[in-house]
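Here are some friendly notes to read alongside the model. Keep the structure open and find each spot as you go.

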Amino acid sequence: MNREANERIKKILAILAVVIIVAMIGNLVSVMSYNHKDHSVEGRNDKRATYMDLSDRVDSTSSWLKRDFELNGEKVDLTGQTFDGTLYNNAAHSVSDWTMRININGDCYVNNAWCGTAEIHQFVGTGKEKVQTLDLRNYKLSDVELEYQYDGDLLIPLTKGDYIIYYPSEKDDEYPLGAHSQLTMGMIFYYYGDIDLSDYTVDFHYYKSYFEGAGFYAIVALIVLFIALLFAQLIADYTYRRAWKEMEIRKSGMSYLSVIYDVIYIVDLVNDELTPMHEDHDPARNVAVGEGAIAKLRELFRPDISDEYLQICDDFMDPDTLQERFVKDSIACEYMSRENGWCLIRLFAIDREPGDPVRRFIFTIQNINDEKIEMERIEADLAEDEPDRTEIYCEAAPYSIREVVDKALEDTKEAAAGSGVELSSDVSPGIPDKLIGDRGKMLMAVSCMLLDAVRQTDSGSIKLSVFGKASDGSEHLLVSVKDTGSGSGEAMPVSGLGINIASEILSVMGSELKMIREESSGSELYFEIDQEIA
């Protein structure tokens, strides 16, 4: 994911976050408003989703007579009656709380109510109104403040205009009342003649959960989308930051590269960007024409390339074939500069998993004119100093093979440093300190082998190894120079001025220079020789 796509996702996430917050606030306000809305239903109105049915119980034990009750100086029989109030809730949401007001339309006595409490208003409109809330199932007569009669049963007289407010009991499951369910409460009244309890009103509130309904599920869908996008953005951002952190680490090492290379660019093929890293970079070069980062690079440095090398450099920086050629960690190309002589273009792959195409690479240009001239001079000196084949002879004197190895590496160090190649050596510990042979010719042969390896190696390392095996007073040596430069995969003849010299010297010393080249694993020059032990 490139930077522009990453920024677009961040904007979408910001918009989604605002939408989710607004939707959540809207849903919160909507649900709170719904839950606080007052609902009221009068009488037995079964057309409403929630209603109360208050009526007398009709079984044989729910009605009885209280005989010889003294009413206004007369003995009468009072009727006792149980009334059931069934609250039906056929709505989609539960009833969170409710109360019922019963308006009294004639003389009667209230005796009991369950399971809640009754707020009794007595003598309403007479100036002697009394109000008390009682649990008629559990009380003390001394606590009753209303007018009442007691003959084993508590009888609280009520007349037309009085009323009772019934408060249900939560602990007895009279509320809340779930959706599509019902509950029953009860009361006992005494009366003489008839009683009318049809005038009642139920007030209640519905309860809707904040976690239900279309609004909530829309919010959930938005949150899931937000999380998915956020997760994708975090992964992309982490990848991007890790890449740029690695880039910054590489930048911190550019101070070392700038000692070797005259021009350094970081080329980002993903975002099509060029980042100059050299202190001497001319910012004006950034305005060069061309589509794509690679094309821009070609246009930046093409005017400095000699005509005979233009096609070679164009082919080397061809964006259509670069990926298939860029299979190693680095590739290089030499050219002749119009102003600075021999130069080397080297590309280093960065931010690439094995087997994946290059996403970013470091583009460098190194002036190798002095090194090129010096290497040619060394080869020429070697050729000039070497006598004719007929005059070559071997000396026999004590020498140290370890000293020869150190001297050969020291003589080649400058040329290797100019190519960015690392030199190392490995001498078997069992080889004697002193051998008898021709130190000068051994040093010249090994030095020529190292110089050829430097020329063959694009990047990586060169290792000089000496192995030994003692036998009958002599040491059989195997001297190897192995590099990590590109190999052709085919056996190639030993060639080149320095190699020819090394071959001639080894031939005089009774040995033969051999070469192994393997595809993608570099090449190895080696010879075997017997030296007496001093």
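Is Asp-68 buried or exposed? Keep that in mind for the first point, and remember throughout that this is a predicted model.

1. **Asp-68.** This residue is exposed, because its relative accessible area is 56% and the cut-off for that word is over 50%. You will find Asp-68 in strand 3, which covers residues 63-71. Its backbone deserves a look too: phi is positive, at about 55 degrees, although Asp-68 is not a glycine. Most residues other than glycine have a negative phi.

2. **Asp-472.** Here is another positive phi in a residue other than glycine, this time near 50 degrees. Asp-472 sits in the loop that links strand 22 (461-471) with strand 23 (474-483). With a relative accessible area of 82%, Asp-472 is exposed.

3. **Asp-268.** Asp-268 belongs to strand 14, residues 263-268. A polar atom of its side chain lies 2.9 Å from the backbone nitrogen of Val-270.

4. **Two cis peptide bonds.** Most peptide bonds are trans. A cis bond, however, joins Trp-114 and Cys-115, with omega at about 10 degrees. Cys-115 is in the loop between strand 6 (108-114) and strand 7 (117-122). Another cis bond joins Tyr-175 and Pro-176, where omega is about -5 degrees. Pro-176 is in the loop between strand 11 (163-167) and strand 12 (181-191).

5. Nonpolar side chains tend to be buried together in soluble globular proteins. In this model the largest nonpolar core has 39 residues, and Ile-401, Met-442, Leu-450, Leu-464 and Leu-477 have the most contacts inside it. Several elements each supply at least two residues of this core, including helix 8 (401-419), helix 10 (497-508) and strand 25 (523-533). Helix 9 gives the most, with 10 residues. A second, separate core has 37 residues, among them Ile-102, Ile-104, Leu-134 and Leu-197.

6. **A closer look at Leu-464.** Which residues does Leu-464 touch, leaving aside those up to four places away in sequence? Among them are Val-405, Leu-409, Val-446, Leu-450, Val-479 and Val-481, and the list also includes Ser-424, Ser-425 and Asp-426.

7. **A nonpolar patch on the surface.** Finally, look at Ile-21, Ile-25 and Val-29, which form a nonpolar patch on the surface. Together they have about 280 Å² of accessible area. Ile-25 is part of helix 1, residues 3-36.

Conventions. Residues numbered from 1 in each chain as written. Predicted model: local features only at pLDDT ≥ 70, side-chain atom pairs only at ≥ 80, totals over all residues. Heavy atoms only, no water. Helix = DSSP H or I, 4+ residues; strand = E, 2+ residues; numbered from the N terminus. Polar contact = N/O pair within 3.5 Å; in protein donor to acceptor, adjacent residues only side chain to side chain. Buried < 20%, exposed > 50% of the residue type's maximum accessible area, 1.4 Å probe, protein only. Patch = residues over 30% accessible without salt bridge, like charges linked within 9 Å, V, L, I, M, F, W, Y side chains within 5 Å. Areas by Shrake-Rupley, 256 points an atom, 1.4 Å probe, with all protein chains shown as cover. Salt bridge = Lys/Arg side-chain N within 4 Å of Asp/Glu carboxyl O. Core = buried A, V, L, I, M, F, W, Y, C linked by side-chain atoms within 4.5 Å. Contact = heavy atoms within 4.5 Å.
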